[in-house]
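Let's take a walk through a protein model together. Keep the picture in view and follow along as we go from one part to the next.

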Amino acid sequence: MSDARAPSVVQQLWLLATTTTTLAPHATHLPAWLTAVCASLLGLRVLLSWRRGKVPHQALILLIAVAAGVGVKIDFGHFFGKDPGVALLAVLLCLKLLEGRSTRDIRAAILLSLFLQLGLFFYDQTLAIAGLALTGALLATITLLSLQDENAPPVAQLRTGAVLLAQGLPFMLILFVLFPRVQGPLWGLPADAYSGMSGLSDSMTPGSISQLGLSDAIAFRVEFHGSPPPPTQRYWRGPVLTSFDGRTWRTGRFTTAAEPAYVPAGPAYDYGLTLEPHNQNWLLALDFPPPGVPQARYTSDYRLVANAPVRTRARFNLRAYPTTAVGVDENRDVLTDAVRLPATFNPRSRALARDLATGTPSHDLILARTIEHLRRSDLTYTLNPPLLGTHAIDEFLFDTRRGFCEHFASAFVFVMRAAGVPARVVTGYQGGEINPIDRTLVVRQSDAHAWAEVWLAGRGWTRIDPTAVAAPRRIESGLAAALPEWEALPFMMRPSFSWLRDLRHHWEALSNTWNIWVLGYNPDRQQDLLKRIGFSRPDWRTLGLLLGLSAGILTLLLFIWAFALRQQRDPLDRAWSSFCRKLARHGAARHPWEGPVDYGKRLAMTFPRHAARLKDIAGRYARLRYGSSTDDRHVRDLVQCIRRLNLK
Amino acid sequence: MPHRHAIRVLEAANCIILGKERELRLALTCLIARGHLLIEDVPGVGKTTLAHVIARLSGLQFQRIQFTSDLLPADIIGVSIFDRDATTFRFHPGPVFAQLILADEINRATPKTQSALLEAMEEHQVTADAETHVLPEPFFVIATQNPSHQIGTFPLPESQLDRFLMRIRLGYPDRSAERALLMGEDRRELLERQNAVIRPEDLLTLQRAAHGVTVAERLVDYVQALLGSTRHSPELAGGLSPRAGLGLIGAARAWALIDGRDHVLPEDVQTVFPHVAGHRLHAAGDGRSAPPELLAQLVRDVAVA
């Protein structure tokens, strides 16, 4: 095969499919202008193939390449690192395609494609990306195959490609299990790569959580060892917001120096939590987590905080006592902070608080009166609350009366503080959905929630959920049930898409398995595995040795297998047997004593429509088998011819 | 292309002997494979005509020897007679000194006479009075025998039958061929008018070309399997000899050559097998020569690799 030959249409189509599959997922992170450039270059390629147009002049291609380089330089500011690198490669791949004059160009383009497929994992390591990369690799393999034999039918190409990839599987497994692993990603990713991650923040303004309400993204997954707590107790504790400036709630002072008193009481729930990366220090845990988690510190407001922002999916084994009392002997300073309010805002709410506190010093009574007031105020729970002005709480409580959980929590805590009761806002997630496939509880960004904690003498910090007053179903059955029917909901949350939800359940269960077994296969797990198979102190040398050994053994086995196969049957025999088998399936098996030419004649009579083809194959086999010429090319031609034979 | 010669002979022969294409082709195969042919059939089906046609078409010197019980070896080989002028014995060659001999009803002669001919066939030379005389080339014997009238005959012994490469039966012509025969011209006159279509040298070329036909390893495997099956079959008294094996390959080569191929297929072997093996094999019980059904079964028992 000459490298200088112009690629055929079939080869170009396979190459185009490979490139498109490779580049499409990159569109999620490439700059928009670059995606557009790539797309139009690919489109031009299609047009040229279709119209059989002439390949653009080399100077033009060079010009586009330089322009794209300049664009990348302007956009990223430099050429170093993965982002500009991938961007440049993407453009170059498209240009290579445009240039494609010879099969050598195709080979180069395939090499680039394979590299860019690997590049996908720089950005995302989910099951979906792995699937896409695998599809790309399959297409690349087929493209390379089509360079060898462009006339084979696509199904045969697909099969051969899949077989080739499958043959690499054992090596892949060995490398996966035994290649020495490093903690975290292999390539040092700059921290800003995580800026796009969504999730809770450590401050709250009206609207900040309802933003999340529309996001389907998974925040974390939980597997309970035993039965899960009832929905009304599924409060996943996140940042505790103490300081209020009239509009924004922020985290107050907390310390991790001394663990606060914690007396476990009530039922305990043990669970494993797989947290999606959110680029924040805090962890999420079921109210109220006890101290003593090895990977995290414990704060004075009963939260768990990691030592560094969570940037990779992390798994924690946690425990919760939902009904325990915390903070019975709370620090004075903390309680002082918990009644502090800015002096000037929301006069009407202050007046309301004064009313509610009239004539009683009992915090319990004030609390009961406040809840009662809220219940009677005819407040509406909605994802689209109206915009609020300076006195946001006044407007919410007395004018608009429509709000999301942050409005409720904010207003409630404000009123409590104004009445002199220590209170604070707690943000986190509430609820979650149990995936029926693998029984994990999936908590999404749309489950983000804000509630309140009130400090009561003798009972400590008591959780009060003001949202539950207005929309009790939010707590019991989730967001979709609590919102009025006409409100815009995330697509999947609508009941009419239940089949789609089932599909999502399956997909997420699969993804979870992938996360745990593939992405979660970290150095610790590798060590565990090696210890289990009998290596007491495995280090990288042991791993290297094992890796080399098993790869060697596997290669040897493959060689022996291939050799045995070759010994057993030469390709001509295999082809002839497959031909005979194929026709046997159509009811015309060869008699053992029947010579090829006689068989061909009989087949020609049995299948008159394919007479010429069948006789030709039989005749060619007879010539190759019993004749003097031993040209491998003729054998290969015959093999292809038999493979393509279709009697339908 | 040497096989053109063969085709020409066959085309011309088919015009004279009607409806016997396969038998003619087998006879020519035998000739090209340098073997001798035994035709076994009742009288009047055209045995003599066949020999005559082949001789005439290929331009061979033809001699017919009618075998009778009183025929002596010298009647075939020739005699040395004292020449008074030269005062020495001079050899007078007998009818065996021809390129194509038709030995008619060979089983009527005594074993002694038979063996004289058979030795000549094997050695391609005759010895008379301690003098060796080389026979002409090509040298081809077509012997006929009548299987149904065995009284007063000396059936050829097995060892002698082995000298014939092939045995064929002509059989009665089919209806349309016989009709054409009955209504058409006298075959003898037709033959008289027919000229040779090839020269004897062409026949030698054909013989050499047949020798060059490829026999693949896989085909040898097949032939050996076939030979082995005759040796192990419980229905046969003894199997085929290595000489028969050589004959089988030689005949298959010639058949492939006439077919215009440069390599032998299992089909060729299968085609010639009954004719090469038939007179060499004997059924286990009664000692009669193996029936065609048994030969066909032998072929079916061996798988083509």
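How far does helix 23 of chain A reach from its first C-alpha to its last? The model here is a predicted one, and in it helix 23, covering residues 632-644, spans 18 Å with its 13 residues. That is close to the 18 Å expected at 1.5 Å a residue.

Now look at which parts of this helix are hidden. A:Val635, A:Leu638, A:Val639, A:Gln640, A:Cys641 and A:Ile642 are buried in helix 23 of chain A. What do these buried residues pack against? Their partners are helix 20 (571-585) and helix 22 (611-626) of chain A.

Let's step back to chain A as a whole. Chain A has 23 helices and 16 strands, and 46% of its 648 residues count as buried. Contacts can also be sorted by how far apart the partners sit along the chain. Taking the contacts in chain A with a separation of 6 or more, 73% are between residues 24 or more positions apart.

Start with A:Asp447, found in the loop between strand 14 (441-444) and strand 15 (448-456) of chain A. Is A:Asp447 buried or exposed? Its relative accessible area is 9%, so A:Asp447 is buried, as the cut-off for that is under 20%. Leaving aside neighbours within four places in sequence, A:Asp447 is in contact with A:Gly428, A:Tyr429, A:Gln430, A:Gly432, A:Val442 and A:Arg474.

Next, find A:Thr370, which lies in helix 11 (residues 363-376) of chain A. A:Thr370 counts as buried because its relative accessibility is 3%. If residues up to four places away in sequence are not counted, A:Thr370 touches A:Leu356, A:Phe412, A:Val415 and A:Met416.

Apart from its neighbours within four places in sequence, A:Gln233 is in contact with A:Tyr269, A:Leu286, A:Pro322, A:Thr323 and A:Arg463.

Now turn to the place where the two chains meet. How many residues of chain B are in contact with chain A? There are 17 of them, and they contact 17 residues of chain A. The size of an interface is often given as the accessible area lost when the parts come together. Between chain B and chain A, the buried area is about 1,300 Å², with carbon and sulfur atoms giving 57% of it. B:Arg218, B:Glu267 and B:Val304 supply 37% of the area that chain B buries against chain A, more than any other three residues.

Which helices of chain B each supply at least two residues of the side that touches chain A? They are helix 10 (217-232), helix 12 (266-277) and helix 13 (292-300). Helix 12 gives the largest share, three residues. By type, the residues on this side of chain B divide into 10 nonpolar, three polar and four charged.

Methods:
Residues are numbered from 1 along each chain as its sequence is written. Chains are lettered from A and ligands numbered from 1 in the order in which they are written. This is a predicted model: local features need pLDDT of at least 70, side-chain atom pairs count only at pLDDT 80 or more; totals for chains, interfaces and linings use all residues. Side-chain values use heavy atoms; hydrogens and water are left out. Contact means heavy atoms within 4.5 Å. Buried area is the accessible area (1.4 Å probe) that two parts lose on being put together, summed over both. Helices (H or I, at least four residues) and strands (E, at least two) are DSSP runs, numbered from the N terminus. Ala, Val, Leu, Ile, Met, Phe, Trp, Tyr, Cys and Pro count as nonpolar, Asp, Glu, Lys and Arg as charged, and the others, Gly among them, as polar. The expected span of a helix is 1.5 Å times one less than its number of residues. Buried means under 20% relative accessible area, exposed over 50%, partly exposed in between (1.4 Å probe, protein chains only).
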